[in-house]
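Hi,

Here is the structure I promised to pass on. Have a look at the ligand site, and then read on for what turned up there.

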Amino acid sequence: MHDFEVVTNEKIADGIFSLVILAPRLASALKPGQFVNVRVPGDASELLRIPLSYVAADPQVGTVEIWYAVVGNGTQRMSEWKPGFKSDLLGPGGHGWCVPEDASRVLVVGGGIGVPPVLCLARDLAAAGVAVDACVGAATADKLVGVEDFEALGCGTVRVATDDGSAGSCGFCTDPAAELLAAGGYDYVATCGPGVMMSKVAQAAADAGVYCEASLERMMSCGFGACSTCNVETTSGMQGACMCGPVFDASKVVVW
Ligand SMILES: Cc1cc2nc3c(=O)[nH]c(=O)nc-3n(C[C@H](O)[C@H](O)[C@H](O)COP(=O)(O)OP(=O)(O)OC[C@H]3O[C@@H](n4cnc5c(N)ncnc54)[C@H](O)[C@@H]3O)c2cc1C
Ligand code: FES
């Protein structure tokens with residue numbers, strides 16, 4: 001368990017916040033694709049922690065950054081946290097992305113609040129000299145996150161799509177992802193977002209013969225393998241997302 005203190009908690013898009021916490025041991029331990037399970041006090045009827053990916057960690061300063069969408073009571077309470085607020089979390093949870101060691105060109109595809117774990121991976125890969133392209137999607141322009149961050153990393157191509165066409169191309173980011181994959185040259189694909197989006201990315205990657213991993217979201221009651229609420233149906237049977245995931249080999253996922 002890690003105690004943490006809120007450093008900043010700011011709105012970065014419509015209904016989406018960036019939370020920066022001070023948690024030095026955690027900042028040194030996290031790997032892209034892993035998650036943390038955050039205690040959000042304030043309502044005795046809500047005992048479960050909230051599983052959240054992280055988007056950046058700075059081991060030198062001891063901070064971890066999380067982007068979260070306000071969807072229910074817990075995340076609403078989080079959005080009211082002020083600098084100095086203290087709570088605790090469990091983590092790092094699960095295992096992260098397993099990029100093949102010889103990968104030289106990677107595509108990441110993030111939809112909505114699925115962007116953080118793929119942006120986190122892209123940052124590490126870019127720092128290691130791997131060529132990274134990105135496809136980013138959201139319902140509308142004001143819900144888009146991460147586009148400038150991917151550009152700042154030096155991604156060769158950053159394709160944006162919104163459901164209503166208010167930014168980038170009109171439609172889902174699966175379309176530009178499928179185009180890029182069909183053009184060839186990728187060794188690996190990482191995707192996170194709505195299940196239907198990830199299943200389409202997985203299919204496009206399979207069609208192109210490229211290994212694809214997906215970070216799946218499931219309800220999580222315990223976060224450490226004790227309750228089975230987070231099961232994912234795979235070709236090897238049921239596997240808990242909190243321990244066997246949240247990142248899975250996309251070709252093995254049966255139910256998204
Ligand atoms: C491994 C993992 C990583 C995640 N990373 C992020 C992240 O980086 N940013 C982010 O904004 N969200 C992330 N989520 C989803 C986040 O955990 C839920 O949005 C959050 O638990 C909702 O809590 P709440 O109390 O506000 O809403 P609730 O009142 O509990 O629920 C509101 C709505 O959210 C749905 N929901 C609740 N819990 C989950 C869950 N665990 N997964 C999917 N849907 C859920 C409910 O079905 C309901 O429709 C992640 C989930 C998992 C499992
Ligand atoms: S959340 Fe309890 S087993 Fe995964």
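A backbone N or O atom of Trp67 lies 3.0 Å from a nitrogen atom of ligand 1, a polar contact in the sense of two N or O atoms within 3.5 Å. Pro51 also takes part through its backbone, with an N or O atom 2.6 Å from a ligand oxygen, and a polar backbone atom of Gly72 is 3.1 Å from an oxygen of ligand 1. On its own the ligand exposes 840 Å², of which the protein buries 74% (Shrake-Rupley areas, 1.4 Å probe).

This is a predicted model, where local features need pLDDT of at least 70 and side-chain atom pairs 80 or more, while totals for chains, interfaces and linings use all residues. Residues are numbered from 1 along each chain as written, chains are lettered from A and ligands numbered from 1 in written order, and side-chain values use heavy atoms, without hydrogens and water.

The shell around ligand 1 has 19 residues (a heavy atom within 4 Å), and Pro51, Ala69, Thr75, Glu217 and Arg218 come nearest. By class, 12 are nonpolar, five polar and two charged, with Gly counted as polar. β4 (50-53), β6 (63-69) and α2 (73-78) each give two or more residues; β4 gives the most, with four. These elements are DSSP runs (helices H or I, at least four residues; strands E, at least two).

Why does ligand 1 lie between domain 1 and domain 3? Both domain 1 (2-93) and domain 3 (216-250) give residues to its shell, so it lies between them; the bounds come from an automatic or database domain assignment.

Best wishes

Terms used
Polar contact = N/O pair within 3.5 Å; in protein donor to acceptor, adjacent residues only side chain to side chain.
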